[in-house]
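Subject: Structure handover

Hello,

Here is the structure, with the sequence alongside. My notes on what was found follow below.

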Amino acid sequence: KQWYQRRVAITAGGTHRSGQGAYGNMCRSGRMFAPTKTFRKWHRRVNRKMRRYAICSAVAASALPSLLMARGHKVDKVAEVPCVIEAGVESITKTKQAVTLMKAIGAYDDVEKAKESRKVRTGVGKIRNRRHTMRKGPLVIYKEDNGITKAFRNLPGVTLLNVSRMNLLHLAPGGHLGRFCIWTEPAFKALGEIYPSNILPRDMMKNADLTRIINSDEIQRVVRPTKDQRRPAIKKNPLKNINVMIRLNPYAKIAKL
């Protein structure tokens with residue numbers, strides 16, 4: 001009986017009995033089993049060159065419409081990607097102006113997609129301060145915050161990011177490349193200063209079409225001709241194969257009769 005009383009969580013209020021029993025890991029609203037500690041190793045150190053390579057790859061992937069659409073972004077009405085808007089956008093402060101801008105560049109469909117995707121989370125996470133889930137919308141990247149964060153922060157699914165603090169968790173959420181990025185003109189120009197050509201990952205090959213390189217006249221002229229490869233004969237058991245036995249012992253055919 002004692003175990004049963006501890007297992008049941010009393011949710012009513014107004015008495016000394018309210019809330020009792022809601023501490024076991026088997027109870028609703030109770031604590032979790034083996035709770036995570038604050039001193040856990042939450043982060044992992046990654047080399048600077050690897051981080052830089054990953055950010056550059058994510059920025060490059062945001063310029064491919066096929067990757068954006070594969071991720072679920074609605075970019076059918078966007079004129080081109082990467083989407084770069086004028087510098088005056090960094091000074092707007094009203095959400096109404098931000099909505100008008102999004103509709104003008106054809107990016108508001110992605111905001112509506114994120115808004116309609118808001119659902120109650122499945123599982124016990126809904127009572128642990130993460131009740132709702134929502135898809136990712138556009139990522140607005142700016143250089144100077146003259147009010148742009150106030151204008152865009154209330155749009156569902158929209159994330160704001162300073163170009164000098166590029167975050168891979170926003171550029172490739174969940175490890176998936178192809179986030180729909182909206183750049184302001186100063187932020188887009190600042191990429192050349194933040195990531196100069198001498199620190200960017202260099203291509204190992206000028207031409208990535210390996211089949212064309214191999215079949216080119218320059219390569220085929222110097223390579224050796226292909227050799228005729230004879231497949232080794234399959235060894236067969238004469239005791240099980242009569243034809244092999246006759247080849248070894250012609251008298252086996254008469255003996256078999």
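How many bridges join S4 to strand S5 (residues 159-162), and in which sense do the two strands run? Four bridges join them, and the strands run parallel. Helices (H or I, at least four residues) and strands (E, at least two) are DSSP runs numbered from the N terminus, and two strands pair if DSSP finds at least two bridges between them.

Before the rest, the basis. This is a predicted model, in which local features need pLDDT of at least 70 and side-chain atom pairs count only at pLDDT 80 or more, while totals for chains, interfaces and linings use all residues. Residues are numbered from 1 along each chain as its sequence is written, and side-chain values use heavy atoms, with hydrogens and water left out.

The sheet

S4 and S5 belong to an open sheet of four strands in the order S1-S6-S4-S5, with parallel pairing. Strand S1 (83-85) and S5 are at the edges and have a single partner strand each, so one side of each lacks a neighbour in the sheet. Ignoring direction, neighbouring strands are turned by 25° against each other on average; axes here are lines fitted to C-alpha atoms, for helices over the stretch in contact, and angles run from 0 to 180 degrees between N-to-C directions.

H4 packs on this sheet and touches S1, S4 and S6, its direction making about 130° with that of S1. Contact means heavy atoms within 4.5 Å.

On its other pairing, S4 is joined to strand S6 (residues 181-184) by three bridges, in the parallel sense. Individual partners can be listed for both sides of S4:

- Leu-139 has Thr-159 in S5 as its bridge partner.
- Ile-141 stands opposite Leu-161, also in S5.
- Val-140 is partnered by Ile-182 in S6.

From strand S4 (residues 139-142), Leu-139 and Ile-141 point one way and Val-140 and Tyr-142 the other, and all are buried. The classes are by relative accessible area: buried is under 20%, exposed over 50%, partly exposed in between (1.4 Å probe, protein chains only).

Helix H5

The buried residues of helix H5 (residues 108-116) are Tyr-108, Asp-110, Val-111, Lys-113 and Ala-114. Helix H4 (95-105) is included in what covers them.

Loops and backbone

Glu-80 counts as exposed because its relative accessibility is 59%. Val-81 and Pro-82 are joined by a cis peptide bond, with omega about 0°.

Two residues other than glycine have positive phi. Ala-34 has a value of about 50° and is placed in the loop between helix H1 (2-7) and helix H2 (48-61). Asn-129 has phi near 65° and is placed in the loop between strand S2 (119-120) and strand S3 (132-133). Asn-129 counts as exposed, at 83% relative accessibility.

Surface

Met-204, Met-205, Leu-210 and Ile-214 make a nonpolar surface patch of about 450 Å². Met-205 is in the loop between helix H8 (185-194) and helix H9 (210-214), and is partly exposed at 40% relative accessible area. Patches are made of residues with over 30% relative accessible area and no salt bridge, nonpolar side chains (Val, Leu, Ile, Met, Phe, Trp, Tyr) being joined within 5 Å and like charges within 9 Å. A salt bridge is a side-chain nitrogen of Lys or Arg within 4 Å of a carboxyl oxygen of Asp or Glu, and accessible areas come from the Shrake-Rupley method with a 1.4 Å probe, only the protein chains shown counting as cover for residues.

Regards
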